[in-house]
Amino acid sequence: MNNLSIRTARTLFAVLLGLLLAACNEPKAVQQDLAPVAFHNGDECHVCGMIITDFPGPKGQALDKSGVKKFCSAAEMLGWWLQPENRVGAVRLYVHDMGRSDWTKPDDSQLIDATQAFYVIGLGDSGLKGAMGAVLASFADEQAAGKLAAIHGARVLRFEQIDQDVLQQAAATQHMGMH
């Protein structure tokens, strides 16, 4: 009987040790920091490959578990985001708050959640330059966005109101305003 108890104890010990080792191999939930990051000289736009800091106006970025994608304008980021293949997984989108940034050199400490921003669209005759395509001004504050829109005869849209048609119309208006 003593021999049976020793075998049972050894078997129980082996099972417990196996369970402990299996628990050690469980993947731990890794908290990934999806906070905005600074733009640096030499950063290239994820869409067009142009040097981001060569252009004025608000920039955009998308962060997910694979890293950060940076864009030379808020419009480039929104155009990228609107593609169905890019709307997968947990992605955080950021744009500059132009109510707290200088147009010629946006302040990276003023990056805000793009899904909560107010966008001024239709700035074709404003003289505000950006990268190619539509020039959108992004704001955290609706009143600040409305003020810029009123000055330039533009309009204010929310994130969910912007689609590919809106971006294409804005780019066409921007192009017409340059000529």
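Q: How many of the five residues of β1 are buried?
A: Five of the five are buried, so β1 is largely enclosed by the rest of the structure; buried here means under 20% relative accessible area, with exposed over 50% and partly exposed in between, using a 1.4 Å probe and protein chains only. The strand itself is a DSSP run of E covering at least two residues, whereas a helix is a run of H or I of at least four, and both are numbered from the N terminus.

Q: What kind of model is this, and how are residues numbered?
A: This is a predicted model, in which local features need pLDDT of at least 70 and side-chain atom pairs count only at pLDDT 80 or more, while totals for chains, interfaces and linings use all residues. Residues are numbered from 1 along each chain as its sequence is written, and side-chain values use heavy atoms, with hydrogens and water left out.

Q: Back to β1, which residues sit on each side?
A: Gly60, Ala62 and Asp64 lie on one side and Gln61 and Leu63 on the other, and all of them are buried, which leaves both faces covered. In a regular strand the side chains alternate between the two faces of the sheet.

Q: Which way does β1 pair with β2, and over how many bridges?
A: The two strands pair in the antiparallel sense over five bridges, where pairing requires that DSSP finds at least two bridges between the strands. Gly60 stands opposite Phe71 in β2, and a hairpin of two residues joins β1 to β2.

Q: And what about β3?
A: Strand β3, residues 92–96, runs antiparallel to β1 and is joined to it by four bridges, with Ala62 standing opposite Leu93.

Q: Switching topic, how many salt bridges are there?
A: A search of the whole structure finds two, counting a side-chain nitrogen of Lys or Arg within 4 Å of a carboxyl oxygen of Asp or Glu. In one of them the side chains of Lys70 and Asp43 meet at 2.6 Å, N to O. Lys70 lies in β2 (residues 67–71) and Asp43 in the loop between α1 (2–24) and β1 (60–64), so the pair ties together parts that are 27 residues apart in sequence.

Q: Are those two buried or exposed?
A: Both Lys70 and Asp43 are buried.

Q: Which residue does Lys69 bridge to?
A: Lys69 forms a salt bridge with Asp64, with the closest N and O atoms 3.8 Å apart, and both Lys69 and Asp64 are buried.

Q: What share of the protein is buried overall?
A: Of its 179 residues, 39% count as buried, in a protein that has four helices and seven strands.
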